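Here is a friendly briefing to read with the structure open beside you. Take the topics in turn and look up each residue as you meet its name.

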Amino acid sequence: MKDDVYKLISQCKLAVVSTINRSGKPESALVGIAVTPELEIIFDTVTSSRKYDNIIHHPNISMVVGWDNETTVQYEGIAEVLDNDASADNYREIYFETWPDGRGRFETWPGLVYIKVTPKWVRYSNFNVPAIIEELIF
């Protein structure tokens, strides 16, 4: 099932990410994503965004990936801001493979950061016949 989830996420370039603000209220945003074979999701944002502040204070987030053809992934995980070390460079390269224009943003956008989300719970749902609904817990 992990391979099916990876395949679906890698075919999707967008996801809705939901975070919790300092008042405990939910906030959602559409983001461009990339994924590793370990199902870690990478996206970029700026430090002036609501999602950045929310992740700093509440790193537990949820995401929805895919919705075409009644196939989707619900995803819960722990978000972290990537540092500027070799490991972070590897994650950024994965992101740049999906979003080549991201390299230009990385070099020019003030306050741009990359977020890595480590999965904790994933549900793959395909409502075509025969329907498949599978959960993965990490």
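A residue is called buried when its relative accessible area is under 20%, exposed when that area is over 50%, and partly exposed in between. With that in hand, note that this is a predicted model.

**Aromatic rings**

- A pair of aromatic rings is described by the distance of the centres and the angle of the planes.
- Rings pair here if their centres lie within 6.5 Å, and by this rule the count comes to five aromatic pairs.
- One of them joins phenylalanine 96 and phenylalanine 106: the ring centres are 6.0 Å apart and the planes meet at 55°, so this pair is tilted.
- Phenylalanine 96 belongs to helix α3 (residues 86–98) and phenylalanine 106 to helix α4 (residues 102–108), so their pairing ties together parts that are ten residues apart in sequence.
- Together, Tyr95, Phe96, Phe106 and Tyr114 form one aromatic cluster.

**Charges over rings**

- Lysine 13 lies over the face of tryptophan 99, at 4.2 Å from the ring centre.
- Arginine 105 has its charged end over the ring of tryptophan 109, 5.7 Å from the centre of that ring.

**One face of helix α1**

- Helix α1 covers residues 2–11, and Val5, Leu8 and Ile9 are buried in it.
- Why do these residues line one face of the helix? Seen down the axis of α1, the buried residues fall within an arc of 95°, so they line one face.
- An α-helix has 3.6 residues a turn, so residues three or four places apart point the same way.
- On the face of α1 turned away from the buried side you will find the exposed residues Asp3, Lys7 and Gln11.
- The buried residues of α1 are covered by elements including β3, β4, β5 (60–65), β6 (71–81), β7 and β8 (132–137).

**A buried loop residue**

- Leucine 39 sits in the loop between β3 (34–35) and β4 (41–46).
- Its relative accessibility is 0%, so leucine 39 counts as buried.
- Beyond its neighbours within four places in sequence, leucine 39 is in contact with Lys2, Val5, Tyr6, Tyr75, Val117, Pro119, Leu136 and Phe138.
- Leucine 39 and tyrosine 75 are 36 residues apart in sequence, and their C-alpha atoms are 9.7 Å apart in space.

**Two residues of strand β7**

- Serine 125 has its place in strand β7, and its relative accessible area of 2% makes it buried.
- Leaving aside neighbours within four places in sequence, the contacts of serine 125 are Glu70, Thr71, Thr72, Gln74, Ile132 and Ile133.
- Asparagine 126 is also found in strand β7 and is buried, with a relative accessible area of 14%.
- The side chains of asparagine 126 and asparagine 128 make a polar contact at 2.7 Å.

Key:
Residues numbered from 1 in each chain as written. Predicted model: local features only at pLDDT ≥ 70, side-chain atom pairs only at ≥ 80, totals over all residues. Heavy atoms only, no water. Phe/Tyr/Trp six-rings, centres within 6.5 Å; stacked < 30°, edge-to-face > 60°. Helix = DSSP H or I, 4+ residues; strand = E, 2+ residues; numbered from the N terminus. Lys NZ or Arg CZ within 6 Å of the ring centre and 35° of its normal. Buried < 20%, exposed > 50% of the residue type's maximum accessible area, 1.4 Å probe, protein only. Contact = heavy atoms within 4.5 Å. Polar contact = N/O pair within 3.5 Å; in protein donor to acceptor, adjacent residues only side chain to side chain. Arc of directions from axis to C-beta.
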